[in-house]
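Good morning. I will take the structure on the screen piece by piece, starting with a pair of helices.

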Amino acid sequence: MSKKTSPQSRPGRRLRNLRVGSKTTSRPSRTPDAAPQAPTTTVGRVRRYVPVVAIPLAILVLGLIVVGLSGLMITGLSLTAFSATIAQLWLLLNLVPVNAGGITIGVLPLLPTIGLIAFMARRIHRAVRDRVSIADLIVLVTAALLIPVVLTLIAAGMMWDAGRVFDVGPPPLGHAIGRTVLVHGLAVVIGMGGRLWRALLGRYGAPEWLVDAAVVAVRIFTWLAIASLVLFLILLVTGWSRQVEVAQVYQGAGGFIGMVIVSLLYLPNALIWSIAVLLGSEFHFGAASVSLYAIDLVQLPPLSLLALIPGSVHDWAIGLLFIVAAVCAYVHGRVRPGFRQALASGAIAAGLTLVACYLTSGQVGYFGHVGPMLWMTVGLAFVWIAGIGLVAAAVGMIADRRAPAVVVAEPEPEPEPEPEPSPEPEEEEEILEGEVVSEETEDSEDTVITEDTPVTEDGGEDDEKEPPTG
């Protein structure tokens, strides 16, 4: 027996290298019995996917408890108000209107909620980015929506109980449940990702370009938000005197710093209101109204964000509509959508506008209703995005018809290569002993949708068994 084929002198099997992200790690080969199995029962799916939502929410509630205790210690209030404080913090985070002292605050800062949505979306994306079944998705989505609604109902009950001692009241259950579902539903939609949405649409026979239409709508709103932020900076510089007047209202540095923090927390709300104005709609703060055509102001709360609003509208302000036209034309021009995709982009944009306006509108104390004109803003969003998208589709179709036809010559068939001779037994043994590298391909990253058939984590075949030694 030669030295190469001797069982005593044969080197041990090397570890298989697996690429994880941008790093390369090694792990021993696993037998089929040791491979992790995907859950095949409802109980197994609950054990696997419910903690994806429950654990971060539990951490969040613990964080609210710490913040609540810190606030009570700073303000010197008794622990009797602890439960009401925790309940109000949860409701504020989910944009649920709160009622204290007979005053209802229905417009709440959007910045902390954006952080909550991003955090939950990241957790959900990690759970579904590899392989997932329809049954897994049902369990995960149910948990992602049901657990927050239960926490909201508990918070409403705590507010009702605290109302017997303090001057607070429970929120309206319709708005409480609706806003909680919308907030966490956005986290689910974002966390599932474009690849999973394409797989779902393809499985049920829907066109996959609906994902592209949604991406176009999101890009347009992103550019409009950037344009609104630039407009805020211009108004801040040109209206600096109004900022000085607001700062003089606060005697100490603590009050001024608190006002600046509140303004920053409400900055995403102001961006949504500004987009509504740029679309041609109106924004109302009680009896005050702001649009590109006229500005009618009343006494507003002393906030730096509201001090950005000028006292009157200039004649050139109507030209800001060109920003919306330019953004829509730029995004649609890069994508070159079809007619159906343009209409779908407008419809999705209208839906996003409806959700955003609803979450940033409501009653604010004695001022009354605050927010954009809902249906006017939704209709203008559809008209702008769908209309310019249809124009872009028509221009693209005309350009394709006028373009000269390009004749591509068929390549000559190449001669078939001669089969290589099979290696000798000793050479084949050396190949088996060599290092095996598992390379990621684009196909291996695709999300696979099945009904309920379990799929292994890496989706690959089991390692080759060791050939028997002589």
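In helix 3, I124, A127 and V128 meet L137, L140 and A144 of helix 4. Contact here means heavy atoms within 4.5 Å. By class, this contact of helix 3 with helix 4 has 6 nonpolar residues, no polar and no charged ones. As for the classes, Ala, Val, Leu, Ile, Met, Phe, Trp, Tyr, Cys and Pro count as nonpolar, Asp, Glu, Lys and Arg as charged, and the others, Gly among them, as polar.

Before going on, a word on where this comes from. This is a predicted model, in which local features need pLDDT of at least 70 and side-chain atom pairs count only at pLDDT 80 or more, while totals for chains, interfaces and linings use all residues. Residues are numbered from 1 along each chain as its sequence is written, and side-chain values use heavy atoms, with hydrogens and water left out.

The chain has 13 helices and 13 strands. Helices (H or I, at least four residues) and strands (E, at least two) are DSSP runs, numbered from the N terminus.

Back to the helix pair. Two packed helices are described by the angle between their axes and the distance between the axes. Axes are lines fitted to C-alpha atoms, for helices over the stretch in contact, and angles run from 0 to 180 degrees between N-to-C directions. Helix 3 (residues 111-128) and helix 4 (residues 134-162) pack at about 170°, with axes 12 Å apart. Helix 3 and helix 4 are therefore roughly antiparallel to each other. The cut-offs are under 35 degrees for roughly parallel, over 145 for roughly antiparallel, 65 to 115 for roughly perpendicular, and oblique for the rest.

How do helix 6 and helix 11 pack, and at what angle? Helix 6 (residues 209-238) and helix 11 (residues 339-359) pack at an angle of about 55°, and their axes are 8 Å apart. They are therefore oblique to each other. On the helix 6 side, the contact includes W209, L210 and F221, and on the helix 11 side R340, I348 and T353 are among the residues involved. This contact of helix 6 with helix 11 has 12 nonpolar, 3 polar and 2 charged residues.

Next, aromatic rings. The whole structure has 3 aromatic pairs. Rings of Phe, Tyr and Trp (its six-membered ring) pair if their centres lie within 6.5 Å; planes under 30 degrees apart count as stacked, over 60 as edge-to-face and the rest as tilted. One of the pairs is W223 with Y330, edge-to-face, at 6.0 Å centre to centre and 85° between the planes. W223 is in helix 6 and Y330 in helix 10 (residues 321-335), 107 residues apart. W223 is partly exposed, with a relative accessible area of 42%, and Y330 is partly exposed at 43%. Buried means under 20% relative accessible area, exposed over 50%, and partly exposed in between (1.4 Å probe, protein chains only).

Last, one residue. Is P372 buried or exposed? At 5% relative accessibility, P372 counts as buried. P372 is in strand 11 (residues 368-372). Its C-alpha atom is 4.2 Å from that of F283, although P372 and F283 are 89 residues apart along the chain. Leaving out residues up to four places away in sequence, P372 touches W273, A276, E282, F283, C357, S361 and T377.

For the chain of 470 residues, 34% count as buried. That is the end of my part.
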